[in-house]
Amino acid sequence: PPEKDLDWNDQGVEGSYRFLNKVWNLYAVFHELFKKTVSSPRASRAEGKALLRKTHQTIKKITEDMEKDFHFNTAVAALMELFNAVADYVSRPEEIEPGALKFVLENFVLLLSPFAPHIAEELWESLGEKTPIYDPRVVRPWPAFNPEELIADEMVIVIQVNGKLRGKLQVPYHSDGESIKQNALNDPKIKEWIQDKRIQKVIYVEKKLVNIVAG
């Protein structure tokens with residue numbers, strides 16, 4: 001943060017060097033694929049959708065950190081977090097959707113460019129781009145996030161019985177409270193904990209948990 005003093009540490013340089021090497025190596029692996037791939041902001045599989053959502057969340061985070069708070073350290077941390085998500089995604093080749101992956105890595109390079117402009121230009125070219133990121137003849141907009149893409153398709157609701165964790169429920173993100181409570185009561189594992197007991201109250205904490213009070 002700009003209001004903090006900076007204590008120089010050689011390990012910080014080493015950490016950044018290792019990170020950029022990982023980034024470079026990942027782009028090198030997919031260099032040939034990107035030559036014949038059209039970028040797409042859409043994915044059909046759950047894994048691809050989750051990565052696209054993470055990308056939009058990262059764009060929002062980095063934009064706000066840089067424009068409002070000048071917290072470049074947390075912006076870089078968010079960038080590293082996104083890269084970890086990409087690395088996890090490509091570790092399962094059968095799940096990769098090339099168009100969505102290229103879209104993510106295009107935005108990743110643009111987000112990286114203020115912090116590491118030289119390597120970002122090389123990575124940008126590896127994606128098949130013909131004009132540099134910082135070309136005075138081209139007004140290239142900063143990546144924009146889609147608010148609708150920030151919201152998950154599904155959410156995990158914790159189920160408690162008398163305040164103790166007894167299960168979890170995966171439901172559509174926009175599910176209403178009553179249906180979530182009913183699904184919790186009908187869950188086979190939860191039925192084992194509440195059988196032969198009288199349900200006194202079912203408490204729903206929005207988008208977080210259901211607590212079944214039984215005795």
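**Helix packing and local backbone features**

In the contact between helices α1 and α4, Phe19, Lys22, Val23 and Leu26 of α1 meet Met80, Phe83, Val86, Ala87 and Val90 of α4. Sorted by class, the residues of this contact comprise eight nonpolar, no polar and one charged. The model is a predicted one, and the values reported here are computed from it. The axes of α1 and α4 come within 11 Å and cross at roughly 40°. That angle makes α1 oblique to α4, since angles under 35 degrees would count as roughly parallel. The crossing of α1 past α4 is left-handed.

Helix α4, residues 72-90, also packs against α5. The two axes come within 11 Å, and they cross at roughly 155°. Angles over 145 degrees count as roughly antiparallel, and α4 and α5 are therefore roughly antiparallel to each other. On the α4 side the contact is formed by Leu79, Leu82, Phe83, Val86, Tyr89 and Val90, and on the α5 side by Leu101, Val104, Leu105, Phe108, Leu111 and Leu112. The class count for the contact of α4 with α5 is twelve nonpolar, no polar and no charged residues. α4 passes α5 in a left-handed crossing.

From α3, the contact draws on Leu51, Leu52, Thr55, His56, Thr58, Ile59 and Ile62, and from α5 on Ala100, Phe103, Val104, Asn107 and Leu111. These residues divide into eight nonpolar, four polar and no charged. The crossing of α3 past α5 is again left-handed.

Helix α6 covers residues 117-126, of which Ile119, Ala120, Leu123, Trp124 and Ser126 are buried. Viewed down the axis of α6, the buried residues fall within an arc of 155°, so they line one face of the helix. These buried residues pack against α1 (10-29), α2 (31-35) and α5 (98-112). The face of α6 turned away from the buried side carries His118 and Glu125, both exposed. Just after α6, Gly128 adopts a positive phi of about 100°.

Most residues other than glycine have a negative phi. Asn162 is not a glycine, yet its phi is positive, at about 55°. This residue sits in the loop between β1 (154-161) and β2 (164-172). Asn162 counts as partly exposed, with 39% relative accessibility. Asp196, likewise a residue other than glycine, has a positive phi near 65°. Asp196 lies in the loop between α8 (188-194) and β3 (199-205). With a relative accessible area of 83%, Asp196 is exposed.

Neighbours within four places in sequence aside, Asn162 is in contact with Asn211, Ile212, Val213 and Ala214. The C-alpha atom of Asn162 is separated by 41 Å from that of Ile62, a residue 100 places away along the chain.

Ile212, one of the residues in contact with Asn162, belongs to strand β4, residues 209-214. Its relative accessible area is 0%, and Ile212 is therefore buried. With neighbours within four places in sequence again set aside, the contacts of Ile212 are Ile159, Gln160, Val161, Asn162, Ala184, Leu185, Ile190, Ile194, Ile199, Lys201 and Val202. Between Ile212 and Ile159, 53 residues apart in sequence, the C-alpha to C-alpha distance is 7.7 Å.

Conventions:
Residues numbered from 1 in each chain as written. Predicted model: local features only at pLDDT ≥ 70, side-chain atom pairs only at ≥ 80, totals over all residues. Heavy atoms only, no water. Buried < 20%, exposed > 50% of the residue type's maximum accessible area, 1.4 Å probe, protein only. Helix = DSSP H or I, 4+ residues; strand = E, 2+ residues; numbered from the N terminus. Arc of directions from axis to C-beta. Contact = heavy atoms within 4.5 Å. Left-handed = near helix turned anticlockwise from the far one by under 90°. Nonpolar A, V, L, I, M, F, W, Y, C, P; charged D, E, K, R; others polar. Axes fitted to C-alpha atoms, helices over the stretch in contact; angles between N-to-C directions. Parallel < 35°, antiparallel > 145°, perpendicular 65-115°, else oblique.
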